[in-house]
Amino acid sequence: MKFGYFDDQNKEYVITTPKTPLPWINYLGSNDFFSLISNTAGGYSFYKDAKLLRITRYRYNNVPADTNGKYFYIKDGDTVWNPGWQPVKTELDSYECRHGIGYSKWDSSKNGVNAKVLAFVPTDDTCEINRVVLTNNSSETKELKLFSYVEWCLWNADDDMKNFQRNFSTGEVEIIGSTIYHKTEYRERRNHYAIYSVNAPIDGFDTSRDAFLGAYHDNHDPEVVFNGKCTGSEAHGWSPVAVHQINITLNPGESKSFIFVLGYCENPVDQKWESKNVVNKAPANAMLAKYKTDADVDAAFAKLNAYWDDLLSIYTVESNNDKVNRMVNIWNQYQCMVTFNMSRSASYYESGIGRGMGFRDSNQDLLGFVHLIPERARERIIDIASTQFQNGSAYHQYQPLTKRGNSDIGSGFNDDPLWLIAGTSAYVRETGDISILKETVPYDNDMSVATTLMEHLKRSFDFTVNNKGPHGLPLIGRADWNDCLNLNCFSEHPGESFQCFGPSEGPVAESVFIAGMFVKYGEEYAQLAELLGDTAEAGRARKEIKIMYDTVLKEGWDGEWFVRAFDAYSNKIGSKECEEGKIFIESNGFCSLAGIGVKEGLAEKALDSVKKYLDCKYGIMILQPAYTVYHLELGEITSYPPGYKENAGIFCHNNPWVSIAETVIGRGDRAFEIYKKTCPAYTEEISEIHKTEPYVYCQMVAGNDAYIPGEGKNSWLTGTAAWTFCNISQYILGVYPTHKGLSVDPCVPHGFGDFKITRKFRGATYHIEVSNPSDVEKGVKELIVDGAHVEGCIIPITEGKTEYNVKVVMG
Ligand code: BGC
C-alpha cells in the first residue's frame, strides 16, 4: 500500500494523506542552518549543532506523535485548521505535501479556502522561509485569521529538557513591529539570538506559551486561536513562543501571500549592543530585508533549485529501470548529503543531543558524498583526523560545533582508524588532490604534536598491525563496525553503557571483520603511499596485508563461510560450532568485497552461505540464528529481542557490502536482487509494513524472527545511504573513480539493457554509453574513448580535456 507517489519530473515525493504510518520527514538546509520538517509540519530547527544551538523545541516520543513544529492556524468562522493537518487535525477537504530536494510544500483546502505553504532554507542564509499563500475559492468574502506558532528552545537542547529549576526563569523576548526576538541568555554569555518575523503588519502577537495555549490546553486547541485574538503576552521566563496574528479579508478568487522568516543571527562579541541592554539588530534587519517580497522568495527558491540541479548533474543515469534512475539521480544522492551533514546527530530517531559526528560514520558518509562537494569532504577529513590519538586510535565521536572528541564515549573502537583511510582514499581518487596528504593535522586537537595527514593514515594502518590477538587477527577493542558486539564489556547491570563499560581493550577478543577492512583499506593506503612516491612504504603495507589475508583464510574460515570474531575466551563467534549466531553478514560481506578468498573460490562459497542462511524477503539479516538469551560475553547484540537491530535484524548498511561482493565475483543477478530488497523505490509498495519514508533508506528493517518482519525503523541517518550509492553507482553501474581515471566495469542483472551515464570528474564531463549486446552480467569487451580503442576499463585522463565520449561494450 502506498501513501503517495514519486514525481520524478519535479524531484518530489508527493504525500497524499497526512496519516502516514510514521511521520515522513524532510531536511531543509545544507550548510549551517537546518530544519527537520514532517509531512504534518512537525519538526525543529537548529544552527550547526542540534544539541548546543537548538532554535525551536520539539518533543520526542510525544503523544500524539510528532507534535511541535512550525504551525500555521487558519481560523475561518468557527473552523480552525492547519495546512499540514496537525496539530488541530481538522479533516481537510484536500491535502497534499510534497517533499522536494531541500524544500517542502503543502497544498491544502478547507471550506473553499486554499493554503499553499512553501518551506525552505536559502542556500546562503541562516534562516528558514515559510511562504503562506491563502486563496479564497468560494463565492463569498472570507474574513480569516492566520496565526503562526513556534516554541523556542532555550538553545542547549539537553539542558532545555532537564534543567527546569533554572530555565523556567531565563527566557527573554522582545517584540518590534512584526518581528519577535528570542534573546534568552543574550545579556550574558551568548552573542546570538533568533527571530521570527512576517513581512506584513500584524494584528496581534503572543510570546508566552501559557498565554497562547491557555491553562491545560495544548497546541491542538490553543485558546488564543479559538478565541480569535492574541493577548499580546510578553514572556518572562517559562516557555517563550512566537505567535503572529494577521486578520485577512479575502474576496472571492482573491489570494494573499505572507512571508515568514525564522532566523538565527550572530553579532561579533564587541558589537552585541545598540545601547545599554538593547540588542544589536543589524543582522536581523539585513536578513529580513532580503525576503520582503514574493519576487525575493522566488529568486531564493530558484537559487536553491539551481544549486541542487547542479549537484545532481554530477552523476546521472538513464536506464530502462525507472526505480534505479530515480534513486541514483535524486533520492540516494540527496540522502548522502543529509547523512554527510548530520552524521548520526539529528533525525526523528536521533535526538540531536546524543551522538554528534561519528568517526566511522562520517568517514563512511563521505564515500557517498565526496563527488558532490569535494571541498567540504576535504574539510571534514581534516576535522575527523584532528580527533585521532597519537597511537592511531580515535575518539568515536565528536561534536560538530566544537569539533572536539566526546570524552563521554572515548575511544577503543578498533575499526575506527581504518575508516579514515577509506574516506581519504575516496577523496583523493575523486579529486586527484594529493596535497591533502601533506596537510599538517593535530592529534586530539593538539597542534604541538601535529603531523601530516599521511602520517595519520600510517598510524591508522599500524594501529591494526600493532594490535593483534592470539590468532594474529585484529583485536576488536570495545567493538568494531557492529557497536553492539561488545566482547570486552561483560555488563551485568542495567544502566551501564555497553559501549563504555569495562576495559576498552582486551588482549584476546578479535575481529575477522576488521581483518577484511585491513585488506581492503590497507591496499588503498599502499596506493596512496605510491602516489607520494613512497614505494618502500607501499611494499611494507602489502606485506602486512598478505599476512592478514593468509591469517583470515587460516584462522577465520569456518568451512562454508567466514567466522565473525573470537570472544574474550578465544571462542568462535559466527561459526557452525555456535548454537546461535552461527553466521554473520559483516565478515562475509567485507572479506569477500576485499577480495579475500576470491581466487580460492571461498568468497563465492561464503556468499552462497549468506544467501542460504541470512537472506529473507526484506533483505539480508545480520546474523542467524538470532540470539534468544543474553550472553555476558557478547554484550548488547544479545540484549535485543530476536529479529531487531543487531540481533538478526536486516541492518541495511551492510546489505550493499554483500551486493558489492557479488559484483566482485561477477554475479549481477544476485547483486541486483540484494539491491532491490532494501531499495526505497521498491519498498514503497509495502509502505504499510515498512512504515518509514519510501524515498530514503532506514537503518534497520525487522528480520524474520521479529513480530512484524519487514517493518523499518530509524530512517534517514544511516551509512546505508553512502554504501548503497557506492554500490549502485560504482559497482552495479560500474563507474568507479581510480587514481588513474574513471573505471567503467558494470555488473548488472540479465535483461538490464543498455544505459547511459553522465559523470563529471576532475573538471571534465564523461558521456558514457554502455551497451550489452550479449546480455552478460559482467565483462567489458570494448572500451572506446572519443573513437579510440583503449585497453582495460580505465578511461585515461588527458590534461585539459573537458568532454569525453565513451562507449563501453559489455561481453
Ligand atoms: C552506528 C554505527 C554502527 C552501526 C552498527 C549505528 O547505529 O551509528 O556506527 O556501525 O550502528 O552497530
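Two strands count as paired if DSSP finds at least two bridges between them. All views show a predicted model.

**View 1. Six strands build an open, mixed sheet.** The order is β22-β39-β40-β43-β41-β42. The pairing in this open sheet of 6 strands is mixed. β22 (315-318) and β42 (788-790) stand at the edges. Each has a single partner strand, so one side of each is left without a neighbour in the sheet. On average, neighbouring strands of this sheet are turned by 20 degrees against each other, direction ignored.

View 2. Strand β39 covers residues 755-761, and strand β40 covers residues 764-771. The two pair in the antiparallel sense. Their pairing extends over 7 bridges. I757 of the pair stands opposite I768 in β40.

The residues around the ligand are R344, R355, R360, D361, W481, N482, D483, E646, F651 and Q699. The ligand sits in the second largest pocket.

View 3. In the side chain of R360, an N or O atom is 2.7 Å from an oxygen atom of the ligand. For the side chain of D361, the distance from an N or O atom to a ligand oxygen atom is 2.7 Å. E646 places a polar side-chain atom 2.5 Å from an oxygen atom of the ligand. On its own, the ligand has 310 Å² of accessible area, and the protein covers 94% of it.

**View 4. Three strands form an antiparallel open sheet.** The 3 strands follow the order β27-β28-β29. Pairing in this open sheet is antiparallel. β27 (510-511) and β29 (572-573) are the edge strands. Each edge strand pairs on one side only. Between β27 and strand β28 (residues 565-566) there are 2 bridges. These two strands run antiparallel. E510 stands opposite F566 in β28.

View 5. Strand β19 spans residues 255-266, and strand β12 spans residues 127-136. β12 and β19 pair in the antiparallel sense over 9 bridges. N130 has F260 in β19 as its bridge partner. Strand β16 (residues 192-198) also pairs with β19 in the antiparallel sense, over 7 bridges. Here Y193 has C265 in β19 as its bridge partner.

Key: Residues are numbered from 1 along each chain as its sequence is written. This is a predicted model: local features need pLDDT of at least 70, side-chain atom pairs count only at pLDDT 80 or more; totals for chains, interfaces and linings use all residues. Side-chain values use heavy atoms; hydrogens and water are left out. Helices (H or I, at least four residues) and strands (E, at least two) are DSSP runs, numbered from the N terminus. Axes are lines fitted to C-alpha atoms, for helices over the stretch in contact, and angles run from 0 to 180 degrees between N-to-C directions. A residue is near a molecule or strand if one of its heavy atoms lies within 4 Å of it. A polar contact is a pair of N or O atoms within 3.5 Å; within protein, one must be able to donate a hydrogen and the other to accept it, and residues adjacent in sequence count only if both atoms are side-chain atoms. Accessible areas come from the Shrake-Rupley method with a 1.4 Å probe; for residues, only the protein chains shown count as cover. On a 1 Å grid over the protein atoms alone, a cavity is a set of points where a 1.4 Å probe fits but cannot get out, and a pocket is an open set with protein on both sides within 12 Å along at least five of seven lines; lining residues have an atom within 4 Å of a point. A molecule sits in a cavity or pocket if more than half of its atoms lie within 2 Å of its grid points.
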